[in-house]
Amino acid sequence: MGPVWAAILDHLAKDSIGNCLTRSEPTRIGRFARKPYPGGTGPITFETKFNPTAVFHSASSPFDCIIFDLDDTLYSSKTGIGQALKRNIDDFLVERFGFPESQAPTLRAELFKIYGSSLVGLRSLGYDVDADDYHSVVHGRLPYDLIKPDARLRNLLQTIKQRKIIFTNSDRIHAMKALDRLGIKDCFEQIICFETMNPNLSKSTTPVVLKPSMEAMKIAIDVAGVDPRRTLFLDDNAKNVAAGKAVELQTVLVGKTVKSKEADYALESITNLVQVIPEIWFSEEDDQMISHIKNEMDSIPSATTVGA
Ligand SMILES: [Mg+2]
């Protein structure tokens, strides 16, 4: 068994994932479609839970690179950070532009619905919003202690040998703080963030470029230097996933059990990655291992033959 498989199995053995392994409906599509696993309790063993000769067609990983959104993708929306972020946006609308406090939540929701973010919406409507000022309030006041170190996620990321890149609409300071709090800052080779997409943003009404715009997606692919058809893109926002599919990325909708139209996979939580998309970990070495196992099994006479 290759070291990658050994690491994955070691990781799995440490965590309780029985429910995920026993889902009754496959959540993936494509040529790697997986059969439901029988049984659901007891120790996880290679033979009963991860028998590649029974489950997969032999193949190398179809992915050269994994691109991860950050907020609500690598940590749960239930941390309270998302709620705090919304309150901070409301405060920004009230403090900087004098909107009535009672109307700020509705305005914020409308801006998000129409433009994808309050900053993009305000700039598009002609408001002179300084991006640094916006981020200093909206992200700068966040209670970062709500984000806890996630050793399980770190273990998972460390088993992924492909390039790993963060692609977030958030500013770099926020991205670094959140990744640092999670304890996974060193797991990524690149961070594509607000500043990457908006390198020359002045204080004028220059449009802000963010996901899910096509321009943002193209910038990300260009900066990352990836073939989108061999790149897996994970995001909790269905619009971002749709934009990813439009530029030919392989897409994963995170935080949902049901796929959106443009999602190739649905992932309830990032910690379900191994169960839902195991082909990330496939390698030439594992191909050889699978072939070896097949040959070994073929060389053993069946019980009927022995008894005859
Ligand atoms: Mg997100």
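Predicted model: local features only at pLDDT ≥ 70, side-chain atom pairs only at ≥ 80, totals over all residues.

Let's begin with the rings. The count comes to seven aromatic pairs. One of them joins Phe97 and Phe99, whose ring centres are 6.5 Å apart with 50 degrees between the planes, a tilted arrangement. Phe97 has 27% relative accessibility, so Phe97 counts as partly exposed. Phe99 has 18%, and therefore Phe99 counts as buried. Both residues belong to an aromatic cluster that also takes in Phe92, Tyr127 and Tyr134.

Another pair is made by Phe167 and Phe233. Their centres lie 6.0 Å apart and their planes meet at 40 degrees, so this pair is tilted too. Phe167 sits in strand E2 (residues 163-167) and Phe233 in strand E4, so the pair ties together parts that are 66 residues apart in sequence. Phe167 counts as buried because its relative accessibility is 1%, and Phe233 counts as buried at 0%.

From the rings, let's move to the metal. The magnesium ion is coordinated by Asp69 (OD), Asp71 (O) and Asp236 (OD), at 2.1 to 2.2 Å. Along the chain, these donors follow the spacing D-x1-D-x164-D. Asp71 lies in the loop between strand E1 (65-68) and helix H5 (81-97), while Asp236 lies in the loop between strand E4 (231-235) and helix H13 (238-246), so the two tie together parts that are 165 residues apart in sequence. Asp71 and Asp236 are both buried.

Finally, the pockets. The largest pocket has a volume of about 960 Å³. Its lining has 34 residues, and those nearest the centre are Asp72, Leu85, Phe112, Gly116 and Asn237. Helix H5 gives the most to this lining, with six residues. By class, the lining of the largest pocket holds eleven nonpolar, 14 polar and nine charged residues. The second largest pocket has a volume of about 420 Å³. It is lined by 22 residues, with Tyr75, Ser76, Ser77, Glu268 and Ser269 the closest to its centre. Here the lining divides into seven nonpolar, eight polar and seven charged residues.

Methods. Residues numbered from 1 in each chain as written. Heavy atoms only, no water. Donors = N, O, S within 2.8 Å, 3.2 Å for Na, K, Ca; no water. Helix = DSSP H or I, 4+ residues; strand = E, 2+ residues; numbered from the N terminus. Buried < 20%, exposed > 50% of the residue type's maximum accessible area, 1.4 Å probe, protein only. 1 Å grid on protein atoms, 1.4 Å probe; cavity = no way out; pocket = protein on both sides within 12 Å on 5 of 7 lines; lining within 4 Å. Points joined across faces, edges and corners; volume = space filled by probe spheres on them. Nonpolar A, V, L, I, M, F, W, Y, C, P; charged D, E, K, R; others polar. Phe/Tyr/Trp six-rings, centres within 6.5 Å; stacked < 30°, edge-to-face > 60°.
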